[in-house]
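The following note sets out points on the chain interface and on the sheets of the model. Please read it alongside the sequence and the coordinates.

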2 protein chains.
Amino acid sequence: MSTRRPRTAAIIAVGSEMLTPFRVDTNSLYVTERLNDVGVQVSLKIVAGDNRGELAEVVGAVLARADIVVLSGGLGPTDDDVTRDAVADVLGLPLEEDPELVEHIRRRFEARRLEMPAINRRQALVPRGAIRLDNPNGTAAGLWIRTGDRHVVLLPGPPRELKPMFDRAVSVHLEPSTGGARVYRRVLRITGRSESHVDALAQPIYGPWASRQPSIETTILAVQGQIELHLSTSDERVAEAEARLGQLAASLEAALAPAVYSSDGRTLEEVVGHLLAARGYRIALAESCTGGLLASRLTDVAGSSAYVERGVVTYSNEAKTALLGVPESMLAEHGAVSEPVAAAMATGVRERAGTEVAVGITGIAGPGGGSVEKPVGTVFVAVAISGEQRVQRFDFVGPRSHIKYQASQAAMDMVRRWLLER
Amino acid sequence: MSTRRPRTAAIIAVGSEMLTPFRVDTNSLYVTERLNDVGVQVSLKIVAGDNRGELAEVVGAVLARADIVVLSGGLGPTDDDVTRDAVADVLGLPLEEDPELVEHIRRRFEARRLEMPAINRRQALVPRGAIRLDNPNGTAAGLWIRTGDRHVVLLPGPPRELKPMFDRAVSVHLEPSTGGARVYRRVLRITGRSESHVDALAQPIYGPWASRQPSIETTILAVQGQIELHLSTSDERVAEAEARLGQLAASLEAALAPAVYSSDGRTLEEVVGHLLAARGYRIALAESCTGGLLASRLTDVAGSSAYVERGVVTYSNEAKTALLGVPESMLAEHGAVSEPVAAAMATGVRERAGTEVAVGITGIAGPGGGSVEKPVGTVFVAVAISGEQRVQRFDFVGPRSHIKYQASQAAMDMVRRWLLER
């Protein structure tokens, strides 16, 4: 039977470590997104510790308030994994060993030439009537329990186990009853602009859509090194929703171009990779202050071995001279953190690698090493394409890791914008 | 009157934006740390939306379970700031305007040459009997309410307003009644072992401490590429607590050695950096499948320019030959992903850089490129120190980014273990 009343969910992350000052729950973000997709709103999120009695109390209290309760974590084999027991307690269901699950767990150990430890049998215990959610990425199976018109879902804690499992389970157990209305989203990713600058340009465009029928909701979000505009709209017809999102996205891209680097979920490293591959170009990287982060980000993309020819991390002056041919006299005259050295690094690595494109980065990531003229955060990025080159100075702020990240982001964006011109 | 019974707290973050897929609550980490300091354990964390009725219900339910309830957010001037009203509702207290607060808010606007908007008067409403917590960084005052032997604390959402306010309030309102008991922690970080393997060795050692008086609580945690053991104990005397933690940590380290790489909060890259620096060694890196991630992680450490001499990312065979001297015949005979190539990469970069230590990594990060003999996840790591070398094969599983991370982790751990022997 299909219901159109908006349904609500509560998400419970189980794990005492998330009640310490050291860990936050992030699984709930993915779970929320997937629930929103099928029109379910999250009304409450909870983090509970590894205590069977307390967890049972929490689940009981939450079941009275939400149509769907999603628990993550606490499905491991050890004594402090109490989610199965707590849920069985509160629902009054006996736990029974599932022989197929025992087999699944045994086979996972066998594949690694290990014998299944006795404690892992605990992971095959299932509250009577629960539907098993298979876990291709681990030993902990998920569980889906219907109790009256409510759903209780148990998921393993590791994100790479939880995500594909929940994704599949939602389409099997929840989607068919939503009456077709789904939430559709689009994310515009923007780099090289501040949040307030983006909002000043974008608000007059997305603002009116909030009160239209059907509406589009827009959220502006500043995340490390970039701005995101999240557009979402609810509809029963995919074509209508996509057309509406496409219309707003196109207006925003026109107003913000060329700062919008993707509207289809691609990361900056993927966009740069596609631009290189489409032109048959290869890239070489010479990094100082980013310490290999740029190479690592570019090679996070599957298939990047087709266009990343090499990278060199030249922290020392000797390495800059030996590996890139940066003249000692230039280092002495201008200092390692300077425009000519960045340019010489890019040119040097490009000539040696024989690639069409190259990047040179030198800067001061901190916390030490700054001066009045070149404080911590000073970074020079050079891009060389064929015979030409461009160099830019940036003044970043923040801790060491943030400066490294922003510098890698700026370098990719310089490459992207230049390739788009060609 | 002082009480020695360990007290519990619940933390409620108020704000509908934290029930979307885009935002997590992080204020609770700071609040938890400060509460732990004075011996208060957090037993529950909740994120609730901007709905007065629902929030009142949640606060009511939580008050029955915790001695202290800390709410953050929802103290602004607009209609969807409902924390004051919800708390007043559930405690049955009337809201009264505090003239001093009106003055404080008016003065903050005056300082910016603005007139106080009428709606900001809402921020001066206080449940009868509440103690005002001054906010030097904003218009929203915090509130501390005693109800019987329980405390309800209302804090503004922005971290720079919340932190100093809560810090001061805890020392005034909570610390005097704790009899000096505080929580002390230690974290053992372990790499190269599975969670169940670590637990099998560690449980017999930490298990008995859970029921001793005074006790130590232990949590085992699997995070990307490593295992953590979190130990915590409560005591009035710092020396006693530290001695107790030191005793258990030493027993665990002895049983797990050399897999424990730190018990003082240091990351693996910091530990490796300290080992190198202490010996006056420098390191050079030759990376293929990790694509610069190892160099990037090592250079995340402040001061790493003292010992990271260079890194090369040799994705192509040509780069392996040109930059590292890996013979073409070796690449043809054994393939780029092989034990001899890993060894030749390490030796090649070490000789060229003139460092004491070097690493060579070659493998298949996926998703493509695997074969039956060398499936995705096959990684060879070679470490060369002075004239000697060691090579190890690893078979990792997971997506590309995870394989890269695990390979960088394994390489650092090989370096660490070998340096410890010397």
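1. Two strands pair if DSSP finds at least two bridges between them; strands (E, at least two residues) and helices (H or I, at least four) are DSSP runs numbered from the N terminus. In chain A, four strands form an open sheet with antiparallel pairing and the order S10-S11-S9-S12. S10 and S12 (260-262) of chain A are at the edges with a single partner strand each, so one side of each lacks a neighbour in the sheet. From one strand to the next the twist averages 30°.

2. The model is predicted: local features need pLDDT of at least 70, side-chain atom pairs count only at pLDDT 80 or more, and totals for chains, interfaces and linings use all residues. Residues are numbered from 1 along each chain as written, chains are lettered from A and ligands numbered from 1 in the order written, and side-chain values use heavy atoms, without hydrogens and water.

3. Within the sheet of chain A, seven bridges link S10(A) and S11(A) (residues 226-235) in the antiparallel sense. A:Thr219 has A:His230 of S11(A) as its bridge partner.

4. Chain B likewise has an open, antiparallel sheet of four strands, ordered S10-S11-S9-S12. Its edge strands, S10 (217-223) and S12 (260-262) of chain B, each pair on one side only. S10(B) and S11(B) (residues 226-235) run antiparallel and are joined by seven bridges; B:Glu217 is partnered with B:Ser232 in S11(B).

5. Helix H7 of chain B (residues 238-256) lies across S9 (182-190), S10, S11 and S12 of chain B, at about 155° to S11(B). Axes are lines fitted to C-alpha atoms, for helices over the stretch in contact, and angles run from 0 to 180 degrees between N-to-C directions.

6. At the interface, 62 residues of chain A contact 62 residues of chain B (heavy atoms within 4.5 Å). The buried area, which is the accessible area (1.4 Å probe) lost by the two parts on being put together, summed over both, is about 5200 Å², with 57% from carbon and sulfur atoms.

7. Six salt bridges are counted between chain A and chain B (a side-chain nitrogen of Lys or Arg within 4 Å of a carboxyl oxygen of Asp or Glu). One of them joins A:Glu318 to B:Arg282 (4.0 Å, N to O).
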